[in-house]
Number of protein chains: 2
Amino acid sequence: MTLKKLVENKAKAVKAASWEMYNLSTEKKNALISRIAYKLLAHTKDIVKANALDMENGRKIGLSSALLDRLLINEKRIYGMVTGIKDVVALPDPVGMIHDRTYRPNGLKVEKMRVPLGAIGIIYEARPNVTIDAAVLCLKSGNTVLLRGGSEAINSNRALVKVLKEAIKEEGLPVSCVEFIDTTDRSAVRVMIKQDKYLDVIIPRGSQPLIKYIIGESSVPVIAHGEGNCHIYVGKAADLNAAEEIVFNAKTQRPSVCNAAEKLLVHKDIARKFLPAILKRLADAGVEIRADKSVRVIYKKAKLATEADWYKEYHDLIIGVKLVGSIEEAIKHINIFGSHHSDAIVSRDRTACDKFLREVDSSAVFANASTRFNDGFELGLGAEIGISTQKLHARGPMGLTELTSSKFVVRGNGQIRK
Amino acid sequence: MTLKKLVENKAKAVKAASWEMYNLSTEKKNALISRIAYKLLAHTKDIVKANALDMENGRKIGLSSALLDRLLINEKRIYGMVTGIKDVVALPDPVGMIHDRTYRPNGLKVEKMRVPLGAIGIIYEARPNVTIDAAVLCLKSGNTVLLRGGSEAINSNRALVKVLKEAIKEEGLPVSCVEFIDTTDRSAVRVMIKQDKYLDVIIPRGSQPLIKYIIGESSVPVIAHGEGNCHIYVGKAADLNAAEEIVFNAKTQRPSVCNAAEKLLVHKDIARKFLPAILKRLADAGVEIRADKSVRVIYKKAKLATEADWYKEYHDLIIGVKLVGSIEEAIKHINIFGSHHSDAIVSRDRTACDKFLREVDSSAVFANASTRFNDGFELGLGAEIGISTQKLHARGPMGLTELTSSKFVVRGNGQIRK
């Protein structure tokens, strides 16, 4: 069978199975994902053994230690997956929920009902935990899922998909509720993103070049996660202690993630008071400071930032620092140079905070809190399949509700259109 | 200037203008669109004159009478546009609305706020009323808009865009709140759908081949309107008089539109009682009946339907008729052969209605009402920029709310992530 045919058949099977999932009761969906947790524990040894093959290959081909860490599955991580599944079991099922009820003058009762999206394609890199996390969230929200994971995790994914399939079979559900594209051939992605006949949405998780390629070429609608060039603006009415803690946390607590702060904008009136201490503390923690000229007058050890710096997501212990003359200038800078991911103001001035929160156009905006809170668990969604930085459908962390669509449900007693 | 550069510049200008619209007060937005209405009345003669050129060219190139009717602008239609604008002025502004407020254990207050989508591209055929309708809805919801209308309406659109620009200037807003791609060169569409750097969404309105082309090639997210292969299922507990009225209305009231019924599924137990009268009435109204074998036993004059018929949107006085043995068979048929647009059940059995409404996966599902009600005005949205048949972002009629996105708004008092 050609690769094209293989991917097409899997997409078709996943779509066909979606009709049975569409109306599955919450009880049965919970039974299914609980059984997945049970099976993960029962097959821990097989999974760890399969993962060891991937780890060995990964070391051979020279994967970085960060990538090897993402690839690793051990007993503790399997317990982590199981705990995650238990949390998802406890979450409310959005499917069937009614919202926006109205009555029309002609007597029609109009409601909207949450329904599954249908068949979801997930394209991700060599992080085998996504295989379980994504499958469980898709199934709980009544969707079926076609998985395409990074080739470096192929053995781990095979073992995990075996677990998923066993649980599905034992619950008497169509085996194609979950399908996995079992090939390391990268062109499978190219075929998968053209399956608009069968797939309702594709969620890519991975590097920006991969995501951009998928957005540009996919005929299936995409929900995508863009860059995180996140800002903290310290206003002239800021509590400077709080500002220092928030900036230090947002930059250094986990610098490789998308909601870490990359830029610090400071109102010029408080710059001399605020900057020396925080910049020294950041530098002592190994953070490279790239600043504009006026900051360098205050903190001479800073490197000079280039224009490119203001657009950049460093993903690293680097921070760009800039003075601004007003909150308006800060907002404009963030909207033009930022990536509309997570941006924060630190200020005790309520009006300034309101203005910032209203006018900065990002997936999450914060007043007096770290940008690191832009996360499904931290914002109370209970679980997260990713963070969307696009404007359609879902923006910010995506939980179970964001894995559903809706339909108009209209009840009448014989109404016809005049 | 090359066409590519021209389109790119307009997209860039529309995006730049979107930052001013993003936070414009409801009052100012209403003042703007009210002024558009005023200007339409003041320039009625110029608009009708420009339209006469398009009508003349249209007749020369042999446009059908249906297309000429869509192209026509007269005084009465301008009054219609003005009335429509007044209705939009009266609608609530979704921008800034807060929903889904929660408090986190660490004291963070988490809310979602509705915000404009940003810069919207509208691609449409030779229906110049869309120029005004779409611009007004986009502006009211805080968006800017790049218009690309059908070449047969170029003179009408130029006159209408002049009106829009005048109103924008007089209100002191950036002129590029509305831009128009003033060329009849069809390749402008190809350039426009690649402007993901500037456009936040594209809404195509037009023929299915055009929409499919845009979905396949656009790197900008698309909200699209698919086919309407709509069904009415008459269950065994149906009020047969109501069923007859609903079927007759949904098929014949306006057969060329997307929410007209194309298929009639009838439970076999009531077929002999129900079918003869309704099929005769439809035939007398000029409707061609294409039926399966079992229907032809009851109503001999029907043509035999082919498998292709079950997939087809006729847009015409034709109906496909089929017997089913159960509600399950009806639901399965609709989900597999239908286009997920508008589907109805007629039944006095509440359980059957609930089952149908829950299990049929369409943008709008109806119990005991005509499919013709799948419309923004009829369902209470107050206005409509189109009907979405896709599952992401908006499904069913799209009003002002569907022209917005949301962002997480988080307020704290110094929280950092541990």
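This is a predicted model: local features need pLDDT of at least 70, side-chain atom pairs count only at pLDDT 80 or more; totals for chains, interfaces and linings use all residues.
Colleague: Which exposed residues sit on the face of H5(A) turned away from its buried side?

Modeller: That face carries A:Glu75, A:Lys76, A:Thr83, A:Lys86, A:Asp87 and A:Ala90. Residues are numbered from 1 along each chain as its sequence is written, while chains are lettered from A and ligands numbered from 1 in the order in which they are written.

Colleague: Which are the buried residues of H5(A), and what puts them on one side or on several?

Modeller: The buried ones are A:Ile78, A:Met81, A:Ile85 and A:Val88. They span an arc of only 70° around the axis, so they lie on the same side of H5(A). The arc is taken from the directions that lead from the helix axis to the C-beta atoms. An α-helix has 3.6 residues a turn, so residues three or four places apart point the same way.

Colleague: What covers them?

Modeller: The cover includes helix H2 (26-42), helix H3 (44-60) and helix H6 (129-140) of chain A.

Colleague: How does the span of H5(A) compare with the expected one?

Modeller: H5(A), residues 75-90, has 16 residues and reaches 23 Å from its first C-alpha to its last, close to the 22 Å expected. The expected span is 1.5 Å times one less than the number of residues. Helices (H or I, at least four residues) and strands (E, at least two) are DSSP runs numbered from the N terminus.

Colleague: What makes E7 and E12 of chain A a pair?

Modeller: Two strands pair if DSSP finds at least two bridges between them. Strand E7 (residues 230-234) and strand E12 (residues 342-346) of chain A have four, in the parallel sense, so by that definition they are a pair. A:His231 has A:Asp343 as its bridge partner in E12(A).

Colleague: Which sheet holds them, and in what order?

Modeller: They belong to an open sheet of 10 strands with mixed pairing, in the order E10(A)-E9(A)-E11(A)-E8(A)-E7(A)-E12(A)-E13(A)-E16(B)-E2(B)-E1(B). Strand E10 (303-304) of chain A and strand E1 (98-103) of chain B are the edge strands, each pairing on one side only.

Colleague: What joins E16(B) to chain A?

Modeller: Strand E13 (residues 364-369) of chain A pairs with E16(B) in the parallel sense over five bridges, and A:Val365 has B:Val409 as its bridge partner. Strand E2 (residues 109-116) of chain B runs antiparallel to E16(B), joined by eight bridges, with B:Pro116 opposite B:Thr404. Strand E16 (residues 404-415) of chain B is mostly covered, with nine of its 12 residues buried.

Colleague: How are the two copies related?

Modeller: Chain B can be laid on chain A by a turn of 180° and a shift of 0.0 Å along the axis, with an RMSD of 0.0 Å. The copies are therefore related as by a two-fold rotation axis. In chain B, the C-alpha of B:His393 is the nearest to that axis, at 1.7 Å. Superposition is by least squares on the C-alpha atoms of residues with pLDDT of at least 70 in both copies.

Colleague: How confident is the predictor in chain A?

Modeller: Chain A averages a pLDDT of 96, and 100% of the residues score at least 70. That score is the predictor's confidence in each residue, from 0 to 100. The model scores ipTM 0.94 and pTM 0.93.

Notes: A residue is buried if 20 or more other C-beta atoms lie within 10 Å of its own, exposed if 12 or fewer, and partly exposed in between; C-beta atoms are placed from the backbone. Two residues are in contact if their C-beta atoms, placed from the backbone, lie within 7 Å.
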